[in-house]
Amino acid sequence: MTSRLTLVLIAVLGLAPASANWAAKAAAADKPKTDKPDDAGSKNDARLKELQGRFKQRYEKIKALKSQGVVGETFEGYVDFVTDKKPADAATLVEDENKDRKELYTLIAEKENTTADLVGKRNAKRNFTKAASGEYLKGEDGKWTKKA
Amino acid sequence: MIAPLLMMQACARVHVDPIEVKPIHIIHDINIRVDRQLDDFFAFEAQKGAAQPAVSTTQPTTAPAPSPTTTTAGGSI
């Protein structure tokens, strides 16, 4: 009788550490893993700030060219000339704008673990929605349409 | 005697199936995060748009002259 009781007690005591291990493993699995280094993130943030400044400087000029119908937004998220007529100062502005946009898309893509093309297309969708009446938009078919 | 047996039953292992995240949810999440990043980055465009005066297409109306303000001593709530 007592030996049987002893055996049962030993079995119970043997299971207790196993259940404690299981609880510890479950708690460890729930803990979120953070492996990303902070240095690359802060460097990207600094670069984004710098880019934002450049976009702010060009914003009014690009907006004026859009309202004049000289340039328009494309479905890929870039700015392009509507006709073959490309004034020299506007050409430089458009080139700088697109270069910075490409870098912006690359930085955001790295942050969100996706592609720059996807980021560009999401920005195009935003710009198409925000475009003022009379501005030109280039669709996937390559044709320019004037926003009503 | 019965209590240890009951305790053994309480220590039963529970097996949980792993949570499966469907691919469409991942794409939807990425789109939302990218849109948020772009909105934050280009927030200055909305601020500049709000700073510009709105163009009114209605005819100007004559506003009534403002009445002089009078102050009363002691107010009641």
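Mentor: Start with the sheet. Four strands of chain A form an open, mixed sheet. Strands are DSSP runs of E, at least two residues long, and helices are runs of H or I, at least four, numbered from the N terminus. Two strands pair if DSSP finds at least two bridges between them. The model is predicted: local features need pLDDT of at least 70, side-chain atom pairs count only at pLDDT 80 or more, and totals for chains, interfaces and linings use all residues. Residues are numbered from 1 along each chain as its sequence is written, while chains are lettered from A and ligands numbered from 1 in the order in which they are written.

Trainee: Which are the edge strands of the sheet?

Mentor: The order is β2-β1-β3-β4 in chain A. An edge strand pairs on one side only. The edge strands are β2(A), residues 79-81, and β4(A), residues 144-146.

Trainee: Do β1 and β3 of chain A run parallel or antiparallel?

Mentor: Strands of a sheet pair through backbone hydrogen bonds, and both directions occur. Here T74(A) stands opposite K138(A) in β3(A). Three bridges join β1(A), residues 71-74, to β3(A), residues 136-138, and the two run parallel.

Trainee: At about what angle does α3(A) run to β2(A)?

Mentor: Axes are lines fitted to C-alpha atoms, for helices over the stretch in contact (C-beta atoms, placed from the backbone, within 7 Å). Angles run from 0 to 180 degrees between N-to-C directions. α3(A) lies across β1 and β2 of chain A, and its angle to β2(A) is about 155°.

Trainee: Which chain B residue is in contact with V119(A)?

Mentor: V119(A) is buried in α4(A). Leave aside its neighbours within four places in sequence. Its contacts then include Y105(A) and I108(A), and from chain B, V34(B).

Trainee: What percentage of chain B is buried?

Mentor: Chain B has three helices and zero strands. Of its 77 residues, the buried ones make up 4%.

Technical notes:
Two residues are in contact if their C-beta atoms, placed from the backbone, lie within 7 Å. A residue is buried if 20 or more other C-beta atoms lie within 10 Å of its own, exposed if 12 or fewer, and partly exposed in between; C-beta atoms are placed from the backbone.
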